Amino acid sequence: MGLNEDEETTGKDSKGKEIAAGNRRRITRPPLNFLAILYEHRIAVDTSRPDQLCKRLYGGVYLKPNQLKYYVDKKTNKNCFVLYARELIIVHGGNPQYWEWENDKGTSGEDIEVAKLSAVCWIDIKGYIRTINLSPGTLYEIVFEVKKFVGWANSNFSFDLVIKPQHSKALTRTESFERKLLDDWFELRVGEFWMSPEYVGNMEFGLEQHDGSWKSGLVVKCAIIRPKEVTT
């Protein structure tokens, strides 16, 4: 039996609504405050094509050339940041007697610099983030990307890792490098936190070792602030 005119019109309307809804679902929109983050660093972007805009943000935008990168996590649509070694505060990092700087590749294959520890008895590496630029209601983690090389010495010591929110209690943990392989980049987890009102402000995070013994053979590439994958 064929459709009458009213039924046919209704069917077309329903199909049209279904297609329109599908199109809306396919349009991805970046986090609400992405423009404020970019404009703060005088970076202009074309917002007329949301799909192209999101593609660029997924790939990352340098807020400071080869030092500080902002990107949006494609899976969660949340704000993330990468602080390469030149953006971190490394005690004695400017003294070639203690630290050397070498060229390497960033997360997207771009040229960046890494910090290579020659010899030092006091390791102190810090980074800072304005948490207002993070996505609210999100579980974040901070990791350092590092590796050991053949000059590694005193491999049995542990690092102290700390997150210091401006208006809340510090979060600390300790981790040993003893079982880490040489010459393989790996992630050293600093800690995690829910981006809630208590953490609004300037946040410091760091990697420390102050036991006074001489250490060498550590390479630091970057620190990453990103949403933590929650497994159930």
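Contact here means heavy atoms within 4.5 Å. The structure is a predicted model, in which local features need pLDDT of at least 70 and side-chain atom pairs count only at pLDDT 80 or more, while totals for chains, interfaces and linings use all residues. Residues are numbered from 1 along each chain as its sequence is written, and side-chain values use heavy atoms, with hydrogens and water left out.

Helix α3 spans residues 50-59, and its buried residues are Leu 53, Cys 54 and Leu 57; buried denotes under 20% relative accessible area, exposed over 50%, and partly exposed the range in between (1.4 Å probe, protein chains only). These residues lie on the same side of α3, because they cover an arc of only 95° around the axis, taken from the directions from the helix axis to the C-beta atoms. The buried residues of α3 pack against α2 (34-40), β1 (61-64) and β2 (68-73). Helices (H or I, at least four residues) and strands (E, at least two) are DSSP runs, numbered from the N terminus. Just after α3, Gly 60 adopts a positive phi of about 105°.

β4 pairs with β7 (residues 123-130) in the antiparallel sense over two bridges, and Ile 89 stands opposite Lys 126 in β7.

Methods:
Two strands pair if DSSP finds at least two bridges between them.
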